[in-house]
Amino acid sequence: MEKTPLFKNEEILSFGDEKSLRQDVLKIVEAGIRKVIPYESTKDAIYYRDGVLQIGKMKFQREDIENIYVVGVGKGAFPIAQALDEIFKDEIREGFVIVKEGEKRRLNHIEIFESSHPIPDERSIEGAKRMVEILKKAGPKDLVLAAITGGSSALANLPAEGISIQDLKDINSQLLKCGAEIGKMNAVRKHLCMIKGGRAVACGQPAAVITFTFDTAPPDMPWPDMSLPDPTTFQDAVHVLKTYNIWETAPESVKSRLLWGESHPEAETVKSLEGMRQEIISVADPEAACRAAAEQAGKLGYKPYILSTIMEGEAKDVGVVLAGISDEILKNSRPFSKPCALISGGETTVTIQGECGKGGPNQETVLGFIDKIRANQGFAFVSIDTDGTDGPCDIAGGIVSGSSKKVLAEKHIDINKELRNHNSSRVLQSIDSAIVTGHTGTNVMNLRVVVLKD
């Protein structure tokens, strides 16, 4: 696959006295993101020669497979689909993969369909229906290859009876604003949709269904929930809405569906895949991104430290914590000595009350960091969403350094006020520190890197 520049506006991101530091931190972040673009890793996961096909533990004689179908959905689904398209070519009987709008890419044997994210729309329903149609065609001698990654919760929806697309938009907007963790949000989403919660695999039976996805380790991973058994229940979904104080404002159809489900266990999501012909293959994960970033940091002369691959919490507060650690290192060389790189991954959240401006969790992490760090030089920090879209905007994240503090002061920008109003995009754009990548082809997590030097 041709390597295109990752940062579309790199020429304006490196400035000031820390130009070399800013260039270094961008190189480290780029290495992490490129490692988890799942094109090559998908090809590596498939053995296909001399009439023998093996993917994971599943092994087939090609002559025994009648039809090969490809379905998919997610912000990281395209590179997987591209690899499948190149391997199987015209052996693909039918292929249909849903991606986030704006990707504008095409394949020879698989139809690419653009949908909406993070709020679903009519295209989400159309795409989900097409996926189900293909899955239901598959018979006992057929093979279904599914590319399902993060973003699928919004990109494909098959609403339960009585729930309109406007109701889905409404509840999704409220979930995104309430600050709930992704696993809790998806507990609600899975119980409002007839394709999530393992139902895609169930729908594809009796064919063999092999899912290519990201990170199969965490027990509550959200990415391939269409292909996973779901431990959550209707009762859990009700509890989430009440815990985050959005039960009263949820659409009546949503509340009715969840309350009805509590007394109808037969309507529950799939709780076990036992007896189904299926397998899940991981072709990227957060640890790989952090390890690749650490390796690149070492090459650039920084001692790398992976602080965590599962860091969660309110976005700006994560930035504050990283600022405190960075100050301690710069001032007292503890707990690490300089030069070093602090690397972390994981999904942060933003809690929104009332109206808000434009931004996302990574941008708020960056502003929380630059607002609290005391040092005026010797550091550069990037926080970025690996899929290239931080929140509901086309900015991937942000970069700051000592020069940023000077520019913010000169422009009289009140960071605390802007954070309260969730205007992080405007702030970063005004100081030439908003990172633009476009769709990267992956989305394992948020990636954060601080570089510190004398």
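**Rings and helices**

Tutor: Ring pairs link Phe369, Phe379 and Phe381 into a cluster. Rings of Phe, Tyr and Trp (its six-membered ring) pair if their centres lie within 6.5 Å. One caution: this is a predicted model, where local features need pLDDT of at least 70, side-chain atom pairs count only at pLDDT 80 or more, and totals for chains, interfaces and linings use all residues. Residues are numbered from 1 along each chain as its sequence is written, and side-chain values use heavy atoms, with hydrogens and water left out.

Student: How many aromatic pairs does the structure hold?
Tutor: There are five aromatic pairs. In one of them, the ring centres of Tyr305 and Phe336 are 3.7 Å apart and the planes sit at 15°, so the pair is stacked. Planes under 30 degrees apart count as stacked, over 60 as edge-to-face and the rest as tilted.

Student: Where do Tyr305 and Phe336 lie?
Tutor: Tyr305 is in strand β10 (residues 303-308) and Phe336 is in the loop between α13 (315-332) and β12 (340-346), so the pair ties together parts that are 31 residues apart in sequence. Helices (H or I, at least four residues) and strands (E, at least two) are DSSP runs, numbered from the N terminus.

Student: Is Phe336 buried or exposed?
Tutor: Phe336 is buried, at 19% relative accessible area, while Tyr305 counts as partly exposed at 22%. Buried means under 20% relative accessible area, exposed over 50%, partly exposed in between (1.4 Å probe, protein chains only).

Student: Switching to helices: at what angle do α13 and α14 pack?
Tutor: About 40°, with the axes of α13 and α14 7 Å apart. The axes are lines fitted to C-alpha atoms, for helices over the stretch in contact, and angles run from 0 to 180 degrees between N-to-C directions. α13 and α14 are therefore oblique to each other. Angles under 35 degrees count as roughly parallel, over 145 as roughly antiparallel, 65 to 115 as roughly perpendicular and the rest as oblique.

Student: Which residues make the contact?
Tutor: Among them are Ala315, Val318 and Leu322 of α13, and Pro361, Thr365 and Phe369 of α14. Contact means heavy atoms within 4.5 Å.

Student: And what about α7 and α8, how do their axes cross?
Tutor: The axes of α7 (residues 165-178) and α8 (residues 182-190) come within 10 Å and cross at roughly 165°. That makes α7 roughly antiparallel to α8. On the α7 side, the contact is made by Ile171, Asn172, Leu175 and Leu176; from α8 come Met185, Val188 and Arg189.

Student: New topic: where is Asp85, and what does Asp85 touch?
Tutor: Asp85 lies in helix α4 (residues 77-88) and is buried, with a relative accessible area of 4%. Not counting residues up to four places away in sequence, Asp85 touches Ile92, Leu107, Asn108, His109 and Ile110.

Student: What about Lys43?
Tutor: Lys43 is in helix α3 (residues 39-44) and is partly exposed, at 27% relative accessible area. Leaving aside neighbours within four places in sequence, Lys43 is in contact with Ala83, Glu86 and Ile87. The C-alpha atoms of Lys43 and Ile87 are separated by 7.7 Å, though the two residues are 44 residues apart along the chain.

Student: Last one: which residues of α15 are buried?
Tutor: In helix α15 (residues 402-410), Gly402, Ser403, Ser404, Val407 and Leu408 are buried. What covers them includes α2 (19-35), α14 (361-372) and β14 (379-385).
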